[in-house]
Amino acid sequence: MTTRALVLVHDPAKERRDRVPGALTPALATRGIGHDVASLVDGHEPEPDLAVYDLVVVLGSQESAYDRGVPWLARELAFVTSAVERGLPILGICFGGQLLARSLNGTVTRAARPELGFTTVESDDPDLVPRGPWMQFHADSFTPPPVATEIARNAVGSQAFVAGKVLGVQFHPEITLDGFDSWTERWAASGESPGHGEAGLDIDALRREVADNERHSVRGCDRLIGTFCARYLGG
């Protein structure tokens, strides 16, 4: 039976969703793992059946994981908590990591300052979470849950935690140039302010930074996914 991953994204436009996972797609495919991309942001779409998946990946979102005004947030938090309770391996990225922190009784708050661009991290487990550089694009941050172990951090805050088969990271290992372009297309279509309201954010300069680091990002994502799957799939 083929191993299958569920990848949750937060773009309401179905035509962009397959681009959002970026480097995750080849990293999974290399290991013979099929995947489905789904979203819960549209309340009319049915929830995926967790029983048919072997792992779950929850990607980033422009919304905050603690904002009760987000109409789909409670539903997705309950869905992710159900996946945790099933014992599925789960990787949460940026917003996804924050949602996992909440599901495990950690906290999510405004970060000391936004992180926008590539940074390195201090890692206690470089096989799972190399030092980077990793793409950062967030203004919120998580506090690792009481049941978790923090394994990476930087000057701004916690960058990765593990709890059983759960890995939450604050950065974006999946970033590719096309994935970043899917973000900017969503901003343009929705009129949302990119960069979490950060004044003076130069999107063109950030896009060049993504392009310059893309090859390294793809390798880093592949390494992270490889170690994650080796440790937690089928174990």
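## Helix α5 and its partners

What do the buried residues of α5 pack against? They pack against α1 (14–17), β7 (134–143) and α6. Before going on, please note that this is a predicted model, in which local features need pLDDT of at least 70 and side-chain atom pairs count only at pLDDT 80 or more, while totals for chains, interfaces and linings use all residues. Residues are numbered from 1 along each chain as its sequence is written, and side-chain values use heavy atoms, with hydrogens and water left out.

Helices (H or I, at least four residues) and strands (E, at least two) are DSSP runs, numbered from the N terminus. Buried means under 20% relative accessible area, exposed means over 50%, and partly exposed lies in between (1.4 Å probe, protein chains only). The buried residues of α5 are Leu 177, Gly 179, Phe 180, Asp 181, Ser 182, Trp 183, Thr 184, Arg 186 and Trp 187. Helix α5 covers residues 177–190, and its 14 residues should span 20 Å at 1.5 Å a residue, which agrees with the 20 Å between its end C-alpha atoms; the expected span is 1.5 Å times one less than the number of residues. Just after α5 comes Gly 191, with a positive phi of about 75°.

## Arg 16 in helix α1

Arg 16 has its place in helix α1. Is Arg 16 buried or exposed? Arg 16 is buried, because its relative accessible area is 10%. Contact here means heavy atoms within 4.5 Å. Setting aside neighbours within four places in sequence, Arg 16 is in contact with Asp 11, Ser 182, Glu 185, Arg 186 and Ala 189.

## The largest nonpolar core

A nonpolar core is a set of buried Ala, Val, Leu, Ile, Met, Phe, Trp, Tyr and Cys residues joined through side-chain atoms within 4.5 Å. The largest one has 32 residues, and Leu 91, Val 129, Leu 167 and Ile 225 have the most contacts inside it. Elements giving two or more residues to this core include β1 (3–9), α2 (24–30), β8 (149–153) and α6 (203–232). Of these, α6 gives the most, with six residues. Apart from this core lies another, of 31 residues, with Leu 73, Val 80, Leu 88 and Ala 101 among them.

Take a look at Val 129: beyond its neighbours within four places in sequence, Val 129 is in contact with Val 121, Ser 123, Trp 134, Ile 151, Ala 152, Ala 160, Leu 167 and Phe 171. Ala 152 sits in strand β8 and counts as buried because its relative accessibility is 0%. Not counting residues up to four places away in sequence, Ala 152 touches Val 121, Glu 122, Ser 123, Val 129, Ser 158, Gln 159 and Ala 160. Ala 152 and Ser 190 are 38 residues apart in sequence and 34 Å apart in space, C-alpha to C-alpha.

## Helices α3 and α4

Now find helix α3 (residues 73–85) and helix α4 (residues 95–103), which pack at an angle of about 70° with their axes 9 Å apart. Axes are lines fitted to C-alpha atoms, for helices over the stretch in contact, and angles run from 0 to 180 degrees between N-to-C directions. That makes α3 roughly perpendicular to α4, a term for angles of 65 to 115 degrees. Leu 73, Glu 76, Leu 77, Val 80, Thr 81 and Val 84 of α3 meet Phe 95, Leu 99, Leu 100, Arg 102 and Ser 103 of α4 in this contact.

How much of α4 is covered? Helix α4 is mostly covered, with eight of its nine residues buried. Those buried residues include Gly 96, Gly 97, Gln 98 and Ala 101.

Most residues other than glycine have a negative phi, and most peptide bonds are trans. Cys 94, in the loop between β4 and α4, has a positive phi near 55°; Cys 94 is buried, with a relative accessible area of 5%. Asn 105 lies in the loop between α4 and β5 (107–119), and its phi is positive too, near 75°. Asn 105 counts as exposed, because its relative accessibility is 64%.

The peptide bond from Gly 132 to Pro 133 is cis, with omega near 10°. Pro 133 lies in the loop between β6 (122–123) and β7.

Methods
Angles under 35 degrees count as roughly parallel, over 145 as roughly antiparallel, 65 to 115 as roughly perpendicular and the rest as oblique.
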